[in-house]
Amino acid sequence: MGVKHGCVMAGQSNAAPVIIKRKKVIQGGGHHGGAWKVAYADFVTAMMAFFMLMWLLNATTEKQRKGIADYFNPTIPINRVSGGGDGAFGGDSVFSENTLARNGQGGSTENTADGSSSEPSTTVAQSGQGQDQSTLEVAKILAAKGGESMTMERLMRHVVTRVTDEGLVIEIFDLEDAPLFEQDTDTPTETLKSIAALMSEVLKVTTNEISVDGFTKFYPITLIDNPVWDLSADRAQRMRRLLDDSGMDGQRIARVIGHADRKPVAENQSSSRNNRLEIILLRRDR
């Protein structure tokens, strides 16, 4: 018995060790941590910023977008005149062009729409000296027109005003989706006809003499017959006739000028934004 017991003990000492593996089963719905919440919040914030950008691009004019861009440009002082005021957007709101900027505060102190340099004297608040009150009244009326109806708002997208040493300038310009003339012609669109009728009505507030100036975008120099001079002059003449036909006194027209593509207002000289007309209420003391 003693021998047999010893054999059993020896057999057990030579047995292979038994390894037991236990798998940890994680059932669905377990805790995943909070990192996804941070990622989701970043996504929502990015989408909000994107939709706000899309809204701003659709709801603002080119000059307002320039004021917004200047605000976020660290190389430019925050409170510059091009925004129209001292707020975050340089004005009362993104629609400030419909209120203050249309009265002369929408132009930059460095570059005005006629390409010349000007000081803050182009603002209404500072332009009262030497300016007829009736011309300033015209600017206020035009500013108020944008809020009358959706139709009027669409028309006023084409119009900005500013005060210069020469007088009150009413600038009427092309939009990508709404040109003033048929392409490369002096045939007015319905949009320009409606604007001309509006201008004829508003200009009755004053008796100042009027200058009608035409401007065009840059055409390729490879063209054998570059149309810019004739086209700008013809378009200015057409605007004069539209004002006459709408009831404005033709004797008030002091001059009609075509400037061709010599005074672009957009950085891209071929941009349709350079296709524009300027109705200038000339100062009486000049």
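This is a predicted model: local features need pLDDT of at least 70, side-chain atom pairs count only at pLDDT 80 or more; totals for chains, interfaces and linings use all residues.
Which residue lies over the face of Y219? It is K217, at 5.7 Å from the ring centre. Good morning, colleagues.

I turn next to aromatic pairs. A pair of aromatic rings is described by the distance of the centres and the angle of the planes. The structure holds 1 such pair. In it, the ring centres of F50 and F51 are 5.5 Å apart and the planes meet at 70°, so the arrangement is edge-to-face. F50 is partly exposed, with a relative accessible area of 41%, whereas F51, at 51%, is exposed.

Let us now consider the salt bridges, of which the structure holds 12. I shall present three of them.

In one, the side chains of E201 and K145 meet at 4.0 Å, N to O. E201 belongs to helix α7 (residues 190–202) and K145 to helix α5 (residues 133–145), so this bridge ties together parts that are 56 residues apart in sequence. E201 is partly exposed at 48% relative accessible area, while K145 counts as buried at 12%.

Another joins E278 to R162, with the closest N and O atoms 3.2 Å apart. Because E278 lies in strand β5 and R162 in strand β1 (residues 159–163), the pair connects parts separated by 116 residues in sequence. Are these two partners buried or exposed? E278 is buried, at 2% relative accessibility, and R162 is buried as well, with a relative accessible area of 2%. Both residues also take part in a network of salt bridges that links R162, E171, R273, R276 and E278.

The remaining example is R240 with D244, whose closest N and O atoms are 3.1 Å apart. Both lie in helix α8, 4 residues apart, which is about one turn of the helix. R240 is partly exposed at 22% relative accessibility, and D244 is partly exposed at 27%.

The structure holds 3 cavities of 30 Å³ or more. Strand β3 (210–215), helix α8 (228–245) and strand β5 (276–282) each supply at least two residues of its lining. That lining comprises 4 nonpolar, 3 polar and 3 charged residues. Among the lining residues are D174, F181, R235 and R276, and R276 is also one of the residues in the salt-bridge network.

Note on methods:
Residues are numbered from 1 along each chain as its sequence is written. Side-chain values use heavy atoms; hydrogens and water are left out. Rings of Phe, Tyr and Trp (its six-membered ring) pair if their centres lie within 6.5 Å; planes under 30 degrees apart count as stacked, over 60 as edge-to-face and the rest as tilted. Buried means under 20% relative accessible area, exposed over 50%, partly exposed in between (1.4 Å probe, protein chains only). A charge sits over a ring if NZ of Lys or CZ of Arg is within 6 Å of the ring centre and within 35 degrees of the ring normal. On a 1 Å grid over the protein atoms alone, a cavity is a set of points where a 1.4 Å probe fits but cannot get out, and a pocket is an open set with protein on both sides within 12 Å along at least five of seven lines; lining residues have an atom within 4 Å of a point. Grid points are joined across faces, edges and corners, and a volume is the space filled by probe spheres set on the points. Ala, Val, Leu, Ile, Met, Phe, Trp, Tyr, Cys and Pro count as nonpolar, Asp, Glu, Lys and Arg as charged, and the others, Gly among them, as polar.
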